[in-house]
Amino acid sequence: MTRMNCEICGRKAKSKFCERHEEAYGSLLKTYEEWRKAMDISWRDYLEEIKENPYAGKWAKEVAEYLLTSEGLSL
């Protein structure tokens, strides 16, 4: 198995993100579905909200920031 480094923090990773950032990414996807059902919000606007939310976790904020500034923004 090829080991990679997390694109956000540089830790060892099995994919694009380390375990912590991968878990945060999964949570962002799941929560976005809930937000979308409750209100009309785009993926970009959702990520901006997460990035600025004082109650969002560090890992989720880092993933949101990465997605907003990278090519991987599309959902």
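## Exercises on a predicted fold

In this predicted model, the mean positions of the 13 positive and 14 negative charges of the protein chain lie 8 Å apart. Lys and Arg count as positive and Asp and Glu as negative, with His and the chain ends not counted; each charge is placed at NZ of Lys, CZ of Arg, CG of Asp or CD of Glu.

Before you start: residues are numbered from 1 along each chain as its sequence is written, and side-chain values use heavy atoms, leaving out hydrogens and water. Local features need pLDDT of at least 70 and side-chain atom pairs pLDDT 80 or more, while totals for chains, interfaces and linings use all residues.

**Exercise 1.** Work out which pattern the protein chain follows along the sequence, and how its radius of gyration compares with the globule rule.

*Solution.* Begin with the DSSP runs, where helices (H or I) need at least four residues and strands (E) at least two, numbered from the N terminus. You will find three helices and two strands, in the order β-β-α-α-α. Next, the radius of gyration is 13 Å, close to the 11 Å from the globule rule for 75 residues, so the chain is as compact as a globular protein of that length. Here the radius is taken over C-alpha atoms, and the rule is 2.2 Å times the number of residues to the power 0.38.

**Exercise 2.** Find the aromatic pair formed by Phe17 and Tyr66, and say what kind it is.

*Solution.* Recall that a pair of aromatic rings is described by the distance of the centres and the angle of the planes. Rings of Phe, Tyr and Trp (its six-membered ring) pair if their centres lie within 6.5 Å; planes under 30 degrees apart are stacked, over 60 edge-to-face and the rest tilted. By this rule there are six aromatic pairs. For Phe17 and Tyr66, the centres are 5.5 Å apart and the planes 85°, which is edge-to-face. Phe17 sits in the loop between β2 (12–13) and α1 (19–38) and Tyr66 in helix α3 (residues 58–69), so the pair ties together parts 49 residues apart in sequence.

**Exercise 3.** Are Phe17 and Tyr66 buried or exposed?

*Solution.* Buried means under 20% relative accessible area, exposed over 50%, and partly exposed in between (1.4 Å probe, protein chains only). Phe17, at 4%, is buried, and Tyr66, at 16%, is buried as well.
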